[in-house]
Amino acid sequence: MKREKPIVTCVVGARPNFIKIGPIIAALRDDGRLAPHLVHTGQHYDYAMNERFFVDLDIPAPDANLAVGSGTHAAQTGEIMMRLEPVLAETKPDLLLVVGDVNSTLAASLVAVKLGIPIAHVEAGLRSFDRDMPEEINRILTDQISRYLFVTEKVAIENLAREGISQKSIHFVGNVMIDALRKCLPHAKPARETLRAAGREPPDVYALATLHRPSNVDDDAVLSRLLDAFRRIGREVPVIFPLHPRTRTRIEKAGLAAKLEAPEIVTLDPTGYVEMLGLLKEASVVLTDSGGLQEETTALGVPCLTLRNNTERPVTVEQGTSVIVGNDAARILTAFADIRAGRMKRPRQPELWDGQAARRIATILGDTLCATSNR
Ligand code: UD1
C-alpha cells in the first residue's frame, strides 16, 4: 500500500534534544509534506529534565517511549538499540532524524543505518577535537553514517570535508536551538518569579552557573575548585546555580555539599525552559560547561565564561560572547573581573541564527523525500 506521506521518525532522549526537536516538528507539520513520528528513548526521565520541556516547547507527546533510563554508556546505548529496532522495523520510516550529540543520537543512528534507513543529523560537524568527551565520539560516528548533515556554523563544513563527507550531503541551515529561543523569548519567565517560586529572595544583579560535564563533576578536586571559584564570585554577586541531577549526586558523593550552603550560592532544582530563558536573559554573566548555553548567551548578548578547555562551537568565541576559561580558578576569576570592569566582547549574531533553521530543514527534506517517493 502506498503511504500518504513519507514518514520521518525523530528520536530524542536528553534535555537539549527536546529543545532542538520542538522547532523541527513544528516546521515539518507546517510544511505538510512529511509525517513526523516522535520516539523518546527515555535517557532523561525526571519531570524537570523531561516532560516540562514538552510542555514549555509545545512538543507533541511521543508516539513511543523506550524508557531506557540511566546506565553506563554501553548499557544505555545497547538498551536504546535493542528497544528501538522493533519500533523502526514496524514503522519503516523513510528517514530517521536525530539531533545533537548525546548517547540517544548515536544509538538511534546505528539502528537505522543497519536497517537501511537514511539518517538526517541536525547539528552535524561540530568538533571539540577532544575524544575524551563522550559527545565527541557520538558526533563523529553519527556524522559518518548520516545522509543529510545539517550544520549550524561554517566551521562544521570544513570539519566534515576533512573527514571525507561529500559536500552534497552538507546543508548550512542555522541553529534550531536559536529557533526555539527566538520563539519562546517573549514567554521567558522573569528571574524574580522563578526565584520567589523557589523560596529565594531575588537579587538585582547575579551570575548564573551550570555544571554537568564529566570532566568538571566526576573529579572531586576539579569539582571542589569550581565550587570555590563560584563562592569567590558569589562574594561580589550572588551565583544562581540550578543543579543537574548528576552534579547534585557528585557533590554529595564527594562530600562537598557544605560548599553550597554559603549564602552567596543560590542553588535551584533543574529549571524549565522558560525559567532558564528568563534567568539567562537577566544574568550579568553566565558560567557554564553546557554547549547549548554557550549558543544561547551568544544569541542574547550575555557574557559567558565557558568552563572547558575547548569548544566544538567556535563561532560562540569568535563572534559571540563566550570566553574559554577552563576549570582553573585564577583564570575564571580574572575573566570575571574583566566582565565586572566592563571589558566585554561585542558580539555579532552568527550567520543564519535567525529563527528559520527548522523551516530550512523541513524544506530540504520535503523537496528531496517527496521527489524520491514520487519516482
Ligand atoms: C547527557 C549527555 C550530555 C548532555 C546532557 C544534558 C550523553 C553522553 N551525555 O548527560 O551530552 O549535555 O545529557 O543534560 O549522552 N539523571 C537523573 N534524572 C534524569 C536524567 C539523568 O537523575 O532525568 C542522573 C542519573 O544519575 C544519571 C546521570 O544523571 O546517571 C547522568 O545522566 P546521563 O543521561 O547518562 O548523562 P548526562 O550527564 O545527563
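This is a predicted model: local features need pLDDT of at least 70, side-chain atom pairs count only at pLDDT 80 or more; totals for chains, interfaces and linings use all residues.

Residues are numbered from 1 along each chain as its sequence is written, and side-chain values use heavy atoms, with hydrogens and water left out.

The ligand is surrounded by 18 residues, of which the closest are His44, Asp46, Asn103, Glu135 and His212; a residue belongs to these surroundings if one of its heavy atoms lies within 4 Å of the ligand. By class, this shell holds 7 nonpolar, 8 polar and 3 charged residues, where Ala, Val, Leu, Ile, Met, Phe, Trp, Tyr, Cys and Pro count as nonpolar, Asp, Glu, Lys and Arg as charged, and the others, including Gly, as polar. Helices H3 (73-91), H5 (134-144) and H11 (245-253) each give the shell at least two residues, helices being DSSP runs of H or I with at least four residues, numbered from the N terminus.

Several polar contacts, that is, pairs of N or O atoms within 3.5 Å, can be followed one by one. From an oxygen atom of the ligand, a side-chain N or O atom of glutamate 135 is 2.5 Å away, and a polar side-chain atom of histidine 44 lies 2.7 Å from a ligand oxygen. On its own the ligand has 740 Å² of accessible area (Shrake-Rupley method, 1.4 Å probe), and the protein covers 85% of the 740 Å².

The ligand sits in the largest pocket, in the sense that more than half of its atoms lie within 2 Å of the pocket's grid points. A pocket is an open set of points on a 1 Å grid over the protein atoms alone, with protein on both sides within 12 Å along at least five of seven lines, whereas a cavity is a set where a 1.4 Å probe fits but cannot get out; lining residues have an atom within 4 Å of a point. The largest pocket holds about 1,200 Å³ of space, and among its 46 lining residues Ala14, His44, Met49, His212 and His244 are the closest to its centre.

The whole structure has 1 cavity of 30 Å³ or more. It is lined by Gly22, Pro23, Leu57, Ala180, Lys183 and Cys184, and helix H7 (176-184) gives the most to this lining, with 3 residues.

Technical notes. Grid points are joined across faces, edges and corners, and a volume is the space filled by probe spheres set on the points. A polar contact is a pair of N or O atoms within 3.5 Å; within protein, one must be able to donate a hydrogen and the other to accept it, and residues adjacent in sequence count only if both atoms are side-chain atoms.
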